[in-house]
Amino acid sequence: SFGVKFYEDLSKTIDQIVAETNSTKVPISINLTNEFYDYFSYFALLNKNALKKSIDIDFEMLCAEKGINKDEIERKNIFAIDQDNPQQMKAINVSAEKALLDSRRDLFSKYNLHTIQPLPIGIMNLVKLDEDQNQLIVNMEEKTTLTFCENGQIYSIQEIESSIGEVLRKITKIENSETKAYEIMKNITITSQELDTMQDGNEYLEYVVPVLFKMLNEIKEKMNEFGKQIHKVYFTGTGIIINNVDMYFQDRLNDIECDLIKPEFLDSQSLKIGIKDYIEVNSAISLALSGLSNGNELNFAGKTGFK
């Protein structure tokens with residue numbers, strides 16, 4: 001069972017979805033929100049206790065610099081070997097405010113909340129990364145996040161200002177319905193490979209193209225900051241409901257291969273439902289896979305500290 005649902009009362013909508021899918025006792029996975037990403041470097045052969053102590057110190061110093069109370073923050077880490085220096089490793093520190101986390105957990109207090117996962121990392125469940133190339137995953141949700149991957153490992157997670165939510169809000173204002181606006185977006189097709197101008201038959205394209213153009217420039221800027229060749233860019237999230245959105249970027253990213261994320265376990269030849277209906281909910285599928293995995297180091301569903 002899958003789909004997209006808009007809501008006014010989130011708690012009631014969760015109850016409705018759980019009831020409709022008979023999921024009262026089924027483990028539930030959701031995405032982390034308003035999280036922060038920070039990066040620390042360490043000697044790769046540090047033992048676990050020394051590593052924990054070093055991260056504690058670095059995080060405490062970071063909070064002091066930002067004027068944040070470290071006791072009000074919950075955090076977890078994953079690690080990656082420095083590709084330029086195998087004796088060094090990077091700790092990717094993911095943190096979120098405890099108060100916001102608790103309010104999110106409370107929404108599911110009647111149910112079996114199993115996993116709260118950072119979506120920019122969880123979405124990697126659907127991609128088989130090349131260990132000899134650098135790849136970028138662009139997740140076009142309410143927030144647009146960029147997951148840079150170097151030789152099969154996460155390098156960094158960035159957020160850009162523009163998002164496809166801008167388009168949805170503008171069309172919703174005209175149509176007075178988020179659901180209708182969403183369906184309209186699914187029927188918008190970008191056909192021009194030339195100038196960024198409005199095409200006949202797409203009356204709402206004038207709202208789409210400026211946002212994509214701004215997004216394109218912000219992505220280029222972040223790619224320049226990455227400083228290494230990107231061999232392939234994957235797109236996922238709500239934004240991919242716009243037809244040919246991947247080709248829009250393909251034509252403007254100096255011929256870097258661009259593609260939509262398709263869950264690798266799906267055989268598109270044998271599907272009774274169109275592949276686009278599945279990739280439309282890539283985010284939900286990736287969260288479900290996070291819930292099925294063992295030893296998830298970035299699971300914020302509980303109330304434990306460092307792991």
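**View 1. The residue just after helix 5 of the predicted model is Asn176, which takes a positive phi of about 60 degrees.** The whole chain shown here is a predicted model, and this holds for every view that follows. Helix 5 itself covers residues 165–175, and its buried residues are Gly165, Glu166, Val167, Leu168, Ile171 and Thr172. An α-helix has 3.6 residues a turn, so residues three or four places apart point the same way. What lies over these buried residues of helix 5? The cover includes helix 6 (178–186) and helix 7 (205–226).

**View 2. Asp82 sits in the loop between strand 3 (73–81) and strand 4 (88–97).**

**View 3. Phe43, Leu45 and Leu46 make a nonpolar surface patch of about 290 Å².** Of these residues, Phe43 belongs to strand 2, which runs over residues 36–43. Phe43 has a relative accessible area of 39% and is therefore partly exposed.

**View 4. The stretch of residues 194–198 has a pLDDT below 50.** For the protein chain as a whole, the mean pLDDT is 89, and 93% of the residues reach 70 or more. Over residues 194–198, by contrast, the pLDDT is below 50, although this stretch has nine contacts in the model beyond near neighbours in sequence. Where pLDDT is low, the predicted coordinates should not be read in detail.

View 5. Along its principal axes, the C-alpha trace of the chain spans about 60 × 50 × 45 Å. A compact globule of 307 residues would have a radius of gyration near 19 Å, and the 20 Å of this chain agrees with that value. Of the 307 residues, 46% count as buried, while the accessible surface of the chain comes to about 16400 Å², with 47% of that surface belonging to carbon and sulfur atoms. Among the contacts with a separation of 6 or more, 67% are accounted for by residues 24 or more positions apart.

Key: Residues numbered from 1 in each chain as written. Predicted model: local features only at pLDDT ≥ 70, side-chain atom pairs only at ≥ 80, totals over all residues. Heavy atoms only, no water. Patch = residues over 30% accessible without salt bridge, like charges linked within 9 Å, V, L, I, M, F, W, Y side chains within 5 Å. Areas by Shrake-Rupley, 256 points an atom, 1.4 Å probe, with all protein chains shown as cover. Salt bridge = Lys/Arg side-chain N within 4 Å of Asp/Glu carboxyl O. Helix = DSSP H or I, 4+ residues; strand = E, 2+ residues; numbered from the N terminus. Buried < 20%, exposed > 50% of the residue type's maximum accessible area, 1.4 Å probe, protein only. Rg over C-alpha atoms; globule rule 2.2 N^0.38 Å. Contact = heavy atoms within 4.5 Å. pLDDT = per-residue confidence, 0-100.
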